Amino acid sequence: MLTPSEQERYDRQIMIGEIGQEGQGKLKRSRVVIAGAGGLGSPIAIYLAAAGIGMIRLIDHDQVALSNLNRQILHWEEDIGQRKVDSAKTKLRKLNSWIEVETIAETITEDNVLKLMDGCDVIVDALDNLPTRYTLNRCAMEKNIPFFHGAVTGFEGRAMTIIPGKTTCLRCMYRGPVPQKKFPVIGVTPAVIGVIQATEVIKYLIGIGKLLTDRLLIFDGLEMSFNEFKVSRNPDCDHCGFLSSAEGRLG
Amino acid sequence: MPVKVHVHTTHRQFTNGLEVIEVGGDTVGECLNHLINQFPQMEKALFAKKDKLLNIVEVYLNHTSAFPNELIKPVKDGDDIHLVVMLAGG
């Protein structure tokens with residue numbers, strides 16, 4: 001149930017036929033984990049907070065550094081040296097004090113990931129490395145939690161939405177380990193991709209529109225183009241393959 | 001009509017800045033060999049060793065993932081091959 005103040009605050013999006021009072025109520029009751037409070041995490045958190053997601057859990061182990069400020073727009077000069085989750089929470093509270101913001105300043109590992117994701121409706125990938133993305137992907141598949149992937153480098157970014165047991169997961173596309181290195185990036189790229197991820201989260205939570213599933217969307221800011229590529233589930237995927245076999249047995 | 005290979009931004013330094021290269025071949029692998037014949041530096045950009053693509057290289061045939069066994073996928077005249085590089089940043 002929305003309060004009169006909430007109805008006023010979210011009036012412009014409640015006016016959207018696909019959202020309405022019911023959809024806004026769903027957003028209010030939703031619990032979203034954002035893994036990473038950096039370049040992608042900043043626009044994702046800002047737009048989900050503005051939209052009235054009931055609870056946002058931000059996870060990031062890092063502190064704000066000067067070199068973050070070109071893209072991590074939740075963090076400002078005065079925040080350098082602070083924990084990113086604290087800096088982010090301060091801004092999000094000022095943007096929307098009516099929602100709950102949980103912060104966890106931990107590194108996501110195989111050992112703690114299940115606990116960190118506990119009780120959430122969706123997981124948003126705002127990470128800066130592939131190994132942790134696979135850790136999160138596996139957790140999402142095991143706990144049957146939708147997973148919203150995004151990644152960026154330079155002027156290029158990509159996004160894909162993953163519904164466990166139904167659509168292609170990140171690991172289905174796994175080709176083997178890749179070297180980790182410092183990546184170049186300009187802030188507008190995670191801004192574009194993060195907002196696409198936030199849009200997908202809102203659509204999923206309300207149950208509207210066509211999700212970016214089994215489709216990898218690639219944004220090229222230099223060419224100003226979006227390319228969409230069809231991807232398919234790997235029945236032998238070591239993260240989501242068991243969901244296929246479970247479905248098969250049930251069928 | 002030849003097969004078109006769409007070269008990733010980061011690889012265009014090896015193709016004289018060209019984004020689209022026309023090649024011939026009956027499989028993705030043959031097309032990539034033809035590409036490398038024209039632009040030899042593309043071999044290091046795409047392959048870890050003979051017949052083994054780098055793990056960061058993704059191949060899409062007519063906007064559909066060619067993974068796995070990309071190199072043996074058949075192609076026909078007029079097909080499009082997109083070479084894409086996996087991203088990890090956030």
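The largest nonpolar core in this predicted model holds 87 residues, of which Ala45(A), Ile56(A) and Val124(A) touch the most other members. Helix α8 of chain A, residues 188-206, supplies the largest share of this core, namely seven residues. The model as a whole scores ipTM 0.95 and pTM 0.96.

**Core**
- Setting aside the neighbours within four places in sequence, Val124(A) is in contact with a run of residues made up of Val32(A), Val33(A), Ile34(A) and Ala35(A), and also with Ile44(A), Phe148(A), Gln197(A) and Val201(A).
- As a general background, nonpolar side chains in soluble globular proteins tend to be buried together.

**Helix α5 of chain A**
- Helix α5, which covers residues 84-95 of chain A, has 12 residues and reaches 17 Å from its first C-alpha to its last, close to the 16 Å expected at 1.5 Å a residue.
- The buried residues of α5(A) are Lys84(A), Val85(A), Ser87(A), Ala88(A) and Leu92(A); because these residues cover an arc of only 160 degrees around the axis, they lie on the same side of α5(A).

**Chain B and its contacts with chain A**
- Between the two chains, 14 residues of chain B are in contact with 32 residues of chain A.
- On the side of chain B that touches chain A, the residues divide into seven nonpolar and seven polar, with no charged residue among them.
- Chain B averages a pLDDT of 97, and 100% of the residues score at least 70.

Note on methods: Residues numbered from 1 in each chain as written. Chains lettered and ligands numbered in written order. Predicted model: local features only at pLDDT ≥ 70, side-chain atom pairs only at ≥ 80, totals over all residues. Core = buried A, V, L, I, M, F, W, Y, C linked by C-beta atoms within 7 Å. Buried ≥ 20, exposed ≤ 12 C-beta atoms within 10 Å, placed from the backbone. Helix = DSSP H or I, 4+ residues; strand = E, 2+ residues; numbered from the N terminus. Contact = placed C-beta atoms within 7 Å. Nonpolar A, V, L, I, M, F, W, Y, C, P; charged D, E, K, R; others polar. Expected span 1.5 Å × (residues − 1). Arc of directions from axis to C-beta. pLDDT = per-residue confidence, 0-100.
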